[in-house]
Amino acid sequence: MIGARTLGATLLLALAGCDSAPRPANIDALRERCLALEQRALEDNRAIATLTSLCDTAPKRLSGTDGMFAAERWAAEQLRLAGCDDVRLEPVMVPHWRRGEERAEVTSGGTMPLRITALGGSVATPAGGLEAEVIAVRTFEELQALGDAAKGKIVFFNRPMPRALRRTGSAYGSAVPQRSQGAVEAAKAGGVAALVRSMTTTIDGYPHTGAMRYQDDVARVPAAAIATEDAEALAALLANGPVRVRLVLGCETLPDVEGHNVVGELRGSERPDEIVLIGGHLDAWDLGRGAHDDGAGVVHCIEAIRLLCATGWRPKRTIRVVLFANEENGLRGAKAYAAAHDAEIPQHVAAIETDSGGFTPLGFGCSLSGPQAEAVHRLFAPLQELGAGQFVPGGGAGGADIGVLHERGVPCFGLWVDGHRYFDYHHTAVDDVPAVNERELALGAAVVAYAAATLADR
Ligand SMILES: [Zn+2]
């Protein structure tokens, strides 16, 4: 889509031209705005109450469920209360997968329960479960090299997330193909199920769920995640000889349901047709209450609007909040947004996503590079005083929900936070409000507000 790319680039090139000086002319005013947003966010301390309200109102809000509708109603009301001029629900068909009974145990040499959870989208086991010998692998290549040795077995993918990587998101990216693709690879090798080490660097007792997919020409075998403590125990048993496991999964996929992206706007005073999008996702995995993933992102966006209104500021361009449906198991909301707004994608000046948890904000990853990135970096310099001045150009789409916009040439930004603890909670039963610090969450909202306001005023 050359047209979109050209206009997105043009707007940012204009911006780069305005700010080719090492110091933007209005930097003192920007700094003042930044500090005012920080102080207001910390003083008012609204973010944690908003998060608690979401998690109490819609504790389980996986796509297609009643909780999804409760979350949509809540979000629309919150955006109105925060000060949006216009709030609407935009329809999108979303998948409806339901977790059922789930358990597993070692059955050879005495029984030992294993803490497991179905991966999202998995098929059920046969009624009563399946029992088979386990074969452990660390990579798909290792599995393929086994030949027939995996036939009839439960394939146990046990490669840990690499601890040495500073960015836990990168460690996740390195290990997560086992989860997303493990069932397909297990089936190709003749396996009867996939058991995947949970995506966390820590050793704990919580299985971490997450999305997985099937492939049309490959048999669909059940897939579950196993807590890292039990993955270690299972590996130790396997070192001493064959191990059999019984796996029971009762999950099912129901017909698609009509859900919604929830969209709210602060209309621009001078160029209302030009849009700075800020977004997170409203759905969450069903084990916990989705406080970090992505209740925090939802709250960052709502509170950013509230902070901007409270400080009496009016954007020149429109700031549009999009709380996306179905990020976790389908990205249908992101695709529907891009389709419904196809004609105005060239009018998107920037998109900012927050989907890394409610931890201390550190700065932004940015899809831009070269002079455009340098220009934005200079505009974001006041964030250094909040400890959120990191700025990494060439950092990809900035998030899954704005990936489509990135592909269409829209400059994209992802809020970066301190990610060392994110995978202690990610997609587990303990992703809940007590895991979120109120000051860290509030600061994230101030940082998103500053970034959106600054881009909307250029
Ligand atoms: Zn998320």
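Asp294 sits in helix 9, where helices (H or I, at least four residues) and strands (E, at least two) are DSSP runs numbered from the N terminus. The bond that joins Asp293 to Asp294 is a cis peptide, with omega at about 0°. The model here is a predicted one: local features need pLDDT of at least 70, side-chain atom pairs count only at pLDDT 80 or more, and totals for chains, interfaces and linings use all residues. Residue numbers start from 1 along each chain as its sequence is written.

Helix 9 (residues 291-310) also has a partner, helix 4 (residues 66-82). Two packed helices are described by the angle between their axes and the distance between the axes. For this pair the angle is about 20° and the axes are 8 Å apart; axes are lines fitted to C-alpha atoms, for helices over the stretch in contact, and angles run from 0 to 180 degrees between N-to-C directions. On the helix 4 side, Ala75, Gln78, Leu79 and Ala82 do the touching, and they meet Val298, Ile302, Ile305, Arg306 and Cys309 of helix 9; residues are in contact if their C-beta atoms, placed from the backbone, lie within 7 Å. By class, this contact has seven nonpolar residues, one polar and one charged. Ala, Val, Leu, Ile, Met, Phe, Trp, Tyr, Cys and Pro count as nonpolar, Asp, Glu, Lys and Arg as charged, and the others, Gly among them, as polar.

Stepping back to the whole chain, there are 14 helices and 16 strands. The radius of gyration is 23 Å, close to the 23 Å that the globule rule gives for 458 residues, so the chain is as compact as a globular protein of that length. That radius is taken over C-alpha atoms, and the rule is 2.2 Å times the number of residues to the power 0.38. The C-alpha trace spans about 75 × 40 × 40 Å along its principal axes. Among contacts between residues at least 6 apart in sequence, 83% join residues at least 24 apart.

The chain is assigned two domains: domain 1 covers 2-96 + 255-456, and domain 2 covers 100-250. These bounds come from an automatic or database domain assignment. The domain centres, taken over C-alpha atoms, are 34 Å apart. Across the boundary, 15 residues of domain 1 are in contact with 17 residues of domain 2. The domain 1 side of that contact has six nonpolar, seven polar and two charged residues.

Helix 11 (residues 370-379) has seven of its ten residues buried, so the rest of the structure largely encloses it. The buried residues are Gln372, Ala373, Ala375, Val376, His377, Arg378 and Leu379.

Gly365 belongs to strand 14 (residues 361-366). Gly365 is buried, with 24 other C-beta atoms within 10 Å. Not counting residues up to four places away in sequence, Gly365 touches Val392, Gly395, Gly398, Phe413, Gly414 and Trp416. Val263, in strand 10 (residues 252-266), is buried as well, with 24 C-beta neighbours inside 10 Å. With neighbours within four places left aside, the contacts of Val263 are Arg88, Glu90, Arg320, Val321 and Val322.

Some buried residues turn up in loops. Lys153 is in the loop between helix 5 (140-145) and strand 6 (154-157), and is buried with 22 other C-beta atoms within 10 Å. Asn326, in the loop between strand 12 (317-324) and helix 10 (332-340), has a positive phi of about 60° although it is not a glycine. Asn326 is buried, with 28 other C-beta atoms within 10 Å. His427 also has a positive phi without being glycine, near 65°. The loop that holds His427 runs between helix 13 (422-425) and helix 14 (438-456), and His427 is buried, with 29 other C-beta atoms within 10 Å.

Methods: Two residues are in contact if their C-beta atoms, placed from the backbone, lie within 7 Å. A residue is buried if 20 or more other C-beta atoms lie within 10 Å of its own, exposed if 12 or fewer, and partly exposed in between; C-beta atoms are placed from the backbone.
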